[in-house]
Amino acid sequence: MKLYLQKFTVVVCVSISLFQVNLSFAQQTATSRVGVLAFADPSSVAERWQPTITRLEQELQRPFELVALTPDQLDSSVAQGKLDFLITNALTGVSYKKDFGTTSLLTLVPRDGHLPTQSVGSALVTRVNQKVDDYGDLTSLDAVSTDKQAFGGFQILAGEMAHNHLNPFKDFNSLKFVGFPQQKLLQLVANGEADVAILPTCVLENAIANGYVAKHSLKVVLTKPTTGFNCLTSSELYPYYSFSKLGKTDHRLATEVVKVLFDIQSDEQAAVIGRYSAWSATVNDSRVFTLLKQLQQWPFVTNWTTIFKNAMPWATVLAVLLFLGYLHHLRVKRLVVLRTQDLQDEIGQHTQTQKALLEQTKQFYKAQRVLLTGEMASGIAHELNQPLAGIRYLTQGCIYRLSNEQTELKEAMLKAIQQVDRAQSTIKRFRNFCQQPSVMKQCQLDQVLEETLSLMAPEFLRMQLTPELKIEPAKLIADASLLQQVFVNIIRNALDAMSDTAIPYLAITLNNSADGVIISFKDHGSGLSEAALERLFFPFETSKDNGLGLGMIICKRIIEEHSGEISAVNNAIAGIRSPGLTITIFLPTKEA
């Protein structure tokens, strides 16, 4: 066991070592990206700094990538963490410290012998005949500059004007930003298209030395005295370019990069093409903080521009969500209106259906009462006619036995016979009055059955019963109202028989046969005894406490009136009786 643990420990240690080696190798071979601020043509800026980047690749044996970016592109790349190092002016480097945690590592030493702390400033260039003695004279001039974010040029001069209680955006007669190259601004002033150009220091001197501008045509105004600086300046002087690392960059890599840059000499290709003498340790940048204060930028006031830029994506998302929420609100509101209208229409239709169903129910019960009255009249007539006929025959027999002298008795008996005839005539008229004539016409029997089920729906709901239906379309010549009486009576009898059944069951089928249709009603009720089943279709035979015993005889006579047959059998499975009763009706098909 101990040996096993020792082997396991060795394997774990070797795995960790290999992982660390692979991680270190991946970090060493990953490309480090160096962003450089480019106001002018990015390709010319890249050409200036590429030899320096190549020197880093050669010395450190790892890939570096130079990326020349405009101010907006640089802000975005730094915010997204796409860069490892930065080459920027001092003002941009300080500004990134707050939001992105950059650290200044080195400061560039210019080739012209200027101190790295006093290398960048602004010069106000006018025509030689233009009189500018103080900052107040600038308010009547038309000014031009390259870019409002240019450190050496506009931003430094903006700080000087703010120090003299002026705002360059408001207090010049006009202010235009015309871009690069910088020599273009000198031509605008020389041609009289502008009164003053805001440029970095030494631009005028270099243009005169290279023959771009006549020697005594332009001048620098509002100059400030300097020591050891060979160009005229209208502002304080500030540090040169700075080399910074982002917070995510490995400090060991940063240390190696600093060592390589420190070793670059002024006569090497990287320094000559890059237009610098060397790299030095970071210089005092307190003047930059003073400039930021004059420009009312971080850390002295809230940088609303940066805050707005950072908040803009979230504000956009919030606005889109609010807009989508509003659209959803409108959609829901519209759906509510439509649904309310649909509900109102459904309620209206339901009300109309209820009225029609109620009227149909009333007509059904009225017809049922008429049928019941007619059947009762037939039964009563049948029961009364027999004793009346007996009375008549007996009375006639008595008359035959009377002598001719018994005239008074004979006359009384003749009057009795007249009253019997009158009673029979009254019973006949009552029977004829109560009988309902049949109206035979073509009907859709399946629809008649479905309407019957609609009438009985409340009863089904009360018993929590859903009938099992197998109904085929069927047409025949019949009295739909009378057949509906039959169906209702059979279904109601089935429901009454299942009143004490735990799980009621009712199956209704309508099938077409070769010569007619067959309708069956099968329930799981109490069924009937054999004696009761034999007398099911006899009048005044009932098993109900309050029944008249006329329902099934009415059904039988209606079916027979349609030349059909009706029968009833107790349910059975494999010859063994099971709960319930099945009533079957056959109706022949008649052509219209």
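Let's start just after helix 3. Glycine 81 sits there, and its phi is positive, at about 70°. Keep in mind that this is a predicted model.

Now step back into helix 3 itself. The helix covers residues 71–79. Which of its residues are buried? Pro71, Leu74, Ser77 and Val78. Look down the axis of helix 3: these buried residues fall within an arc of 125°, so they line one face of the helix.

Next stop, arginine 55. This residue belongs to helix 2, residues 42–60. Is arginine 55 buried or exposed? Its relative accessible area is 15%, and the cut-off for buried is under 20%, so arginine 55 counts as buried. What does arginine 55 touch, leaving aside residues up to four places away in sequence? Val260, Asp263, Ile264 and Glu268. There is also a C-alpha pair to look at here. Arginine 55 and alanine 270 are 215 residues apart along the chain. Their C-alpha atoms are separated by 7.3 Å.

Last, the surface. Here we have a nonpolar patch. Its members are Val317, Val320, Leu321, Phe323, Leu324, Tyr326, Leu327 and Leu330. Together they have about 750 Å² of accessible area. Take one of them, leucine 327. Where is leucine 327? In helix 12, which runs over residues 304–401. Its relative accessibility is 39%, between the 20% and 50% cut-offs, so leucine 327 is partly exposed.

Technical notes. Residues are numbered from 1 along each chain as its sequence is written. This is a predicted model: local features need pLDDT of at least 70, side-chain atom pairs count only at pLDDT 80 or more; totals for chains, interfaces and linings use all residues. Side-chain values use heavy atoms; hydrogens and water are left out. Buried means under 20% relative accessible area, exposed over 50%, partly exposed in between (1.4 Å probe, protein chains only). Helices (H or I, at least four residues) and strands (E, at least two) are DSSP runs, numbered from the N terminus. The arc is that of the directions from the helix axis to the C-beta atoms. Contact means heavy atoms within 4.5 Å. Patches are made of residues with over 30% relative accessible area and no salt bridge: like charges are joined within 9 Å, nonpolar side chains (Val, Leu, Ile, Met, Phe, Trp, Tyr) within 5 Å. Accessible areas come from the Shrake-Rupley method with a 1.4 Å probe; for residues, only the protein chains shown count as cover. A salt bridge is a side-chain nitrogen of Lys or Arg within 4 Å of a carboxyl oxygen of Asp or Glu.
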